[in-house]
Each structure stands twice: as C-alpha cells, then as structure tokens.
Amino acid sequence: MKKIPFLTLEKAKEIREQIPTPFYVYDEAGIRANARLLKAAFSWNPGFREYFAVKATPNPFLLKILHEEGCGCDCSSMTELMISERCGITGEQIMLASNDTPAEEFQMADRLGAIINLDDLTLVDYLERSIGHVPEKICCRYNPGGVFTLGETREGFQVMDNPGDAKYGMTRAQIAEAFTRLSAMGAKEFGIHAFLASNTLSNDYYPALARILFRVAVELKEETGCHITFINLSGGVGVPYRPEQPANDIAAIGAGVRKAYEEILVPAGMGDVSLCTELGRFMLAPYGHLVTRVLHQKHTYKEYVGVDACASNLMRPAIYGAYHHITVMGKEDAPCNHKYDVTGSLCENSDKFAIDRMLPEVEIGDLLVIHDTGAHGHAMGYQYNGRLRSAEVLLQEDGSARLIRRAETPEDYFATAIWE
C-alpha cells in the first residue's frame with residue numbers, strides 16, 4: 001500500500017513561512033476518525049474506555065481532542081498526571097500505570113481520584129503508607145512470564161515477545177495474594193492489566209491476550225472472592241510503518257475480543273466486566289508527520305542527503321533501527337531510482353533517518369515528510385549537541401494550521417543552567 005502524506009506540498013510551504021522546519025504536524029480529522037473507529041469496535045462493551053498513553057504524545061491540544069472523543073489518560077509519571085489535570089481530565093478518566101513509583105505520584109493520583117495500577121506485590125503496603133489508605137477501586141498488573149507466542153507459521157509459532165524478561169507486573173501467585181491483601185485493606189473493585197507484546201500487526205493479538213486475562217480473572221474471582229469489574233488490555237496494537245505491511249482491522253480485533261468475552265466471562269457470571277485499552281501508537285502514530293528540509297548533499301562512498309532535522313527530533317531510527325517511510329514532497333509519483341542515506345547533524349553516525357533508501361532524485365531545498373511519527377516521536381526528543389526540540393502544529397479539520405507547541409530556543413536550553 002502506498003503511503004500518502006495527509007499534508008500537501010502547498011500546505012507544508014505555507015506552514016514553513018511561519019514556522020521553520022523541522023516541525024511536527026498532526027492530522028486532527030484523522031485522529032478523530034480513528035478514535036471513533038476504536039470506540040465503535042468496542043461499543044458492545046458498555047463500560048469500554050480508551051486510556052490514551054500520554055507518554056506517546058504529551059501535547060495538551062491532542063489530549064483534549066482525544067478527551068472530546070471519549071478517551072481518558074494512561075499516565076506513568078507525576079508530570080503526566082499534571083498534564084492530564086490541566087487538560088481537565090481527572091478522576092477515573094486517569095489510570096496511573098507506573099513502575100518503581102515514588103510516594104508523591106501515588107499521592108497525586110489519589111488526590112485526582114485516578115485508578116491506580118500496581119506493578120508489584122511490594123507496592124500494596126507501600127501504597128497504603130504513601131496515601132494512608134487503599135482505594136476502593138484498584139488494579140494490578142499481571143505478567144504470565146515465559147515467551148508469548150501467537151499463530152502458527154511454517155516454522156512453528158510466531159514469537160511476539162518475551163514477558164519473562166520484562167520488569168513489569170506480578171506473577172500469578174503474587175496477583176492472587178495482592179487481591180486478597182487489598183481486599184482485606186478495604187478495596188472493593190478490582191482490575192487486571194497486562195502488556196505482552198509491542199507494535200503487533202495481527203488482528204489476533206488482543207483476542208489472545210483477552211483470553212489469557214479473562215481466564216485469570218475467572219480464576220481469581222473463584223480463589224479470592226474479589227469483585228473484578230474491569231480488565232485492561234493495555235497497548236500493543238501496532239501500525240504498519242512499511243508500505244507493504246497490512247494494517248490492523250480494529251473492528252475485527254473488537255469482534256475477536258467480544259467472542260472471547262462471551263465464551264469465558266459471560267458463562268462465569270462476569271458479563272458486567274468493563275474493558276479498557278491503553279493505546280498510544282495505534283491512536284496517533286499514522287496521524288503525525290515530521291517535516292524537514294534538505295540542506296546538503298554529500299557524495300563520498302555513499303550518497304547522503306543532509307536534512308535540518310536530526311535524531312534529537314526523532315530518535316527511533318537511531319536507537320531502534322526503526323523504519324519510517326519518507327516522501328519527497330512534490331515528487332510522490334516520481335520513480336524511486338536513487339539510493340540515499342538520509343542524515344541529521346548530530347555527532348553520531350547513527351543519526352540517520354534512512355539507510356540505503358530508494359527515493360526520487362533529491363535536491364537541496366526539497367521538503368521531506370517522515371511518516372508515522374505521531375506517537376513516540378516528538379515525545380522522545382532530547383537536546384544532545386545543543387539541538388533543540390521542534391515545534392508542533394495541528395492541521396485542523398477546516399484545513400487551517402495551528403501552532404500547538406513552539407520550538408525550543410537557546411533560552412530554554414540555558415534556563416536550568418547555573419552560571420556562577
């Protein structure tokens with residue numbers, strides 16, 4: 001499938017007249033439409049709520065758009081709790097799912113009325129000491145250990161991830177103990193959460209995860225007598241970064257989870273359980289572009305295209321070797337018959353957005369769109385080499401562009417320095 005930018009060359013040039021490249025731009029219409037597709041896919045579950053993973057794209061404008069579409073916030077730090085509160089998102093619209101959590105974060109989550117998701121058995125007592133009580137509604141994170149596999153291939157089963165090596169969550173015995181102790185301390189409603197694989201491109205991942213959690217929920221209800229009122233399927237539903245990859249069908253995913261729900265929970269008398277998701281990448285990645293301008297070309301042992309963005313703006317290719325598709329604006333239909341490394345300006349050889357990438361002939365001054373950067377893009381920026389984080393722009397539904405985060409300045413960079 002061909003990747004087509006949601007931004008035209010004309011609109012990119014128009015924005016650049018006011019906001020220098022590099023900048024991030026987000027598609028409001030696409031974000032809203034996708035949020036509605038997710039909601040429709042799980043509309044069969046009356047209590048369903050998406051808790052958007054704030055860490056993916058912590059921009060107030062985007063959080064407010066998602067909130068208007070019925071989404072809450074999945075927070076993992078004090079600052080993310082503060083962003084959510086300032087956006088008017090409070091109470092059970094927030095879930096705190098942190099690890100190695102300081103007492104201050106539990107205290108703020110409790111003040112906001114957020115649902116607290118405990119990552120470890122030792123946090124049961126720590127939480128009570130931190131806030132002076134145990135909330136009536138509480139969640140615990142489960143880690144089944146081992147290797148998570150899904151679907152048969154010619155070689156056997158497809159390995160999705162390795163939960164046994166993950167630092168997150170409790171063992172099966174620990175979560176049962178946590179429920180029992182929390183119940184004795186005053187908790188009345190319980191939830192279960194698990195995250196077993198990242199960026200999956202399979203309609204079967206969520207249904208498979210759901211079956212694991214639904215069975216555990218039934219067992220825990222029988223063992224502990226606790227009232228389990230919600231199950232959090234977390235994130236992991238991915239997006240096709242490469243043009244040849246198939247996209248997930250969220251309607252099929254929702255139907256698969258429903259089948260598991262009706263086969264496992266309903267017969268156990270648990271047909272009132274609400275479902276939650278914590279999607280970041282799926283919600284926003286395809287609806288963000290990093291727009292950058294070609295500054296230089298270098299001809300040595302390879303052909304290099306040097307742009308005004310760098311890994312400080314988008315670090316995923318440098319640290320993960322992640323693929324992000326690149327469109328040369330205005331040359332969408334030109335043949336990709338030139339091989340380039342697309343590089344930034346950091347003093348690191350890994351500062352490359354693409355290696356041996358086939359593109360149309362690139363010229364100095366061309367604008368490039370780096371696709372699927374709406375999640376874990378700007379949020380992971382940093383300031384190495386004194387390179388500063390870029391602006392963020394919202395392409396609104398009426399076609400106008402709005403600045404939603406200004407670019408950093410040297411004054412921002414120096415603001416925390418002590419000079420004397």
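Is Cys-276 buried or exposed? Cys-276 is buried, at a relative accessible area of 5%. The model is predicted. A search of the whole structure turns up zero disulfides. The largest pocket has a volume of about 810 Å³.

**Cysteines**
- Cys-71 is buried, with a relative accessible area of 5%.
- The closest cysteine sulfur to that of Cys-71 belongs to Cys-73. The distance is 8.7 Å, too far for a bond.
- Cys-276 is likewise in no disulfide. Its nearest cysteine sulfur, in Cys-139, is 7.6 Å away.
- A disulfide requires two cysteine sulfur atoms within 2.5 Å, so the 8.7 Å between the sulfurs of Cys-71 and Cys-73 rules out a bond.

**Largest pocket**
- The pocket of about 810 Å³ is lined by 31 residues.
- Closest to its centre are Lys-55, Phe-195, Ser-198, Arg-281 and His-376.
- Helix 10 (281-284) supplies at least two residues of the lining. Helix 11 (316-320) also supplies at least two.

**Thr-57**
- Thr-57 sits in the loop between strand 2 (49-53) and helix 3 (60-68).
- Thr-57 is buried, with a relative accessible area of 3%.
- A polar atom of the Thr-57 side chain lies 2.6 Å from the backbone oxygen of Gly-374.

**Tyr-382**
- Tyr-382 lies in the loop between strand 17 (367-370) and strand 18 (391-395).
- Leaving out residues up to four places away in sequence, Tyr-382 touches Ala-311, Ser-312, Met-315, Leu-346, Arg-387 and Arg-389.
- Ala-322 is 60 residues from Tyr-382 in sequence. Their C-alpha atoms are 17 Å apart.

**Helix 2**
- Helix 2 covers residues 28-41, 14 residues in total.
- At 1.5 Å a residue, helix 2 should span 20 Å. Its end C-alpha atoms are 20 Å apart, which agrees.
- Buried residues of helix 2 include Ile-31, Asn-34, Ala-35 and Leu-38. Glu-28 and Arg-32 are buried too.
- An α-helix has 3.6 residues a turn, so residues three or four places apart point the same way.

Terms used
Residues are numbered from 1 along each chain as its sequence is written. This is a predicted model: local features need pLDDT of at least 70, side-chain atom pairs count only at pLDDT 80 or more; totals for chains, interfaces and linings use all residues. Side-chain values use heavy atoms; hydrogens and water are left out. Helices (H or I, at least four residues) and strands (E, at least two) are DSSP runs, numbered from the N terminus. Buried means under 20% relative accessible area, exposed over 50%, partly exposed in between (1.4 Å probe, protein chains only). A polar contact is a pair of N or O atoms within 3.5 Å; within protein, one must be able to donate a hydrogen and the other to accept it, and residues adjacent in sequence count only if both atoms are side-chain atoms. The expected span of a helix is 1.5 Å times one less than its number of residues. On a 1 Å grid over the protein atoms alone, a cavity is a set of points where a 1.4 Å probe fits but cannot get out, and a pocket is an open set with protein on both sides within 12 Å along at least five of seven lines; lining residues have an atom within 4 Å of a point. Grid points are joined across faces, edges and corners, and a volume is the space filled by probe spheres set on the points. Contact means heavy atoms within 4.5 Å.
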